[in-house]
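Keep the model open while you read.

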Amino acid sequence: MTEAISSGFDKVVASAAEAVADIPDGASLAVGGFGLCGNPIALIEALLAQGTTGLSVVSNNCGVDDWGLGVLLNAQRIRKMTSSYVGENKEFERQFLSGELELELTPQGTLAEKLRAGGAGIAAFFTRTGVGTQVADGGLPRRYDGAGGIAIASPAKEVRTFTTGTGDPAEYVLEESISTDFALVHALRGDRHGNLVFNKSARNFSPLAAMAGRVCIAQVEELVEPGEIDPDTVHLPGVYVHRMVHVGTDIEKRIERRTVAAPSSTTTPDTKGA
């Protein structure tokens with residue numbers, strides 16, 4: 001659909017605004033993150049600032065009302081979400097029930113495999129997840145009509161019986177892979193050739209999202225020279241990354257729900273989303 005802004009092997013661009021400048025209205029995006037952990041917030045805010053709208057976004061969730069993908073949602077820049085979890089965003093609920101937002105709710109493991117398959121060039125796969133439910137049978141609301149009725153419902157999917165290694169026949173549902181126009185991810189470290197290293201749980205969906213995007217844009221906290229990352233520690237090879245922007249280590253990170261132990265307890269505070 002488009003070519004990287006940078007030339008040669010050096011994939012670094014000067015700013016987040018430059019990195020996302022060619023993402024047009026109506027584009028599809030695969031976005032890394034889980035809850036508020038590993039959100040590419042600098043790229044999201046740059047996309048918000050340039051006014052891109054009508055986006056179709058694939059991500060595990062849609063952030064919260066004022067953070068992560070929630071900032072695009074609040075500005076009504078997202079037309080459709082493909083997610084596995086949507087429970088932390090009141091504006092998401094409002095837009096979905098009012099018919100302003102389309103939602104393709106997808107089991108979490110299935111969503112991960114759909115992204116991985118898209119990046120690997122696999123058109124579809126069969127899985128047991130969803131068999132015997134509306135995931136396979138169809139009828140899940142994708143868009144409401146604003147008056148309590150369903151304007152668009154999910155279609156029925158092909159179900160086929162296979163005999164696996166156990167020798168017992170079982171039903172499997174056909175799931176199509178996902179590929180998108182662009183991918184946005186956040187990484188701890190990257191070299192100028194695009195090789196990325198993620199920080200612990202912030203890795204989450206990011207490698208899969210990156211693979212699924214025809215053009216992958218990464219924001220990195222630490223920018224190093226080629227050869228400074230041990231090849232054995234690379235989480236995502238640079239072949240999947242088309243451009244990068246250095247955002248620094250002091251970029252703001254938020255915690256979705258901070259849980260603090262009682263004063264007399266020695267329990268370590270929950271740092272989900274750090």
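The protein chain has a mean pLDDT (the predictor's confidence in each residue, from 0 to 100) of 92, with 93% of its residues at 70 or more. This is a predicted model, where local features need pLDDT of at least 70 and side-chain atom pairs count only at pLDDT 80 or more, while totals for chains, interfaces and linings use all residues. Residues are numbered from 1 along each chain as its sequence is written, and side-chain values use heavy atoms, leaving out hydrogens and water.

Watch out for residues 1–7: pLDDT stays under 50 there, and the model gives them 19 contacts (heavy atoms within 4.5 Å) beyond four places in sequence. Where pLDDT is low, the predicted coordinates should not be read in detail.

On a 1 Å grid over the protein atoms alone, a cavity is a set of points where a 1.4 Å probe fits but cannot get out; a pocket is an open set with protein on both sides within 12 Å along at least five of seven lines; and lining residues have an atom within 4 Å of a point. Grid points are joined across faces, edges and corners, and a volume is the space filled by probe spheres set on the points. By this rule there are 3 cavities of 30 Å³ or more.

| Space | Volume | Lining | Nearest the centre |
|---|---|---|---|
| Largest pocket | about 350 Å³ | 18 residues | Glu104, Lys114, Glu176, Ser177 and Ile178 |
| Second largest cavity | about 110 Å³ | 14 residues | Glu104, Leu105, Leu140, Arg142 and Ser154 |

Which strand gives the most to the lining of the largest pocket? Strand 9 does, with 3 residues; strands here are DSSP runs (E, at least two residues), numbered from the N terminus. For the second largest cavity, strand 4 gives the most, also 3 residues.

As for classes, Ala, Val, Leu, Ile, Met, Phe, Trp, Tyr, Cys and Pro count as nonpolar, Asp, Glu, Lys and Arg as charged, and the others, Gly among them, as polar. The pocket lining splits into 5 nonpolar, 6 polar and 7 charged residues, and the cavity lining into 6 nonpolar, 3 polar and 5 charged.

Last, the cysteines. The structure holds 0 disulfides (pairs of cysteine sulfur atoms within 2.5 Å). For Cys37, the nearest cysteine sulfur is that of Cys62, 17 Å away. Cys37 is buried (under 20% relative accessible area) at 4%, and Cys62 counts as buried at 2%.

Notes: Helices (H or I, at least four residues) and strands (E, at least two) are DSSP runs, numbered from the N terminus. Buried means under 20% relative accessible area, exposed over 50%, partly exposed in between (1.4 Å probe, protein chains only).
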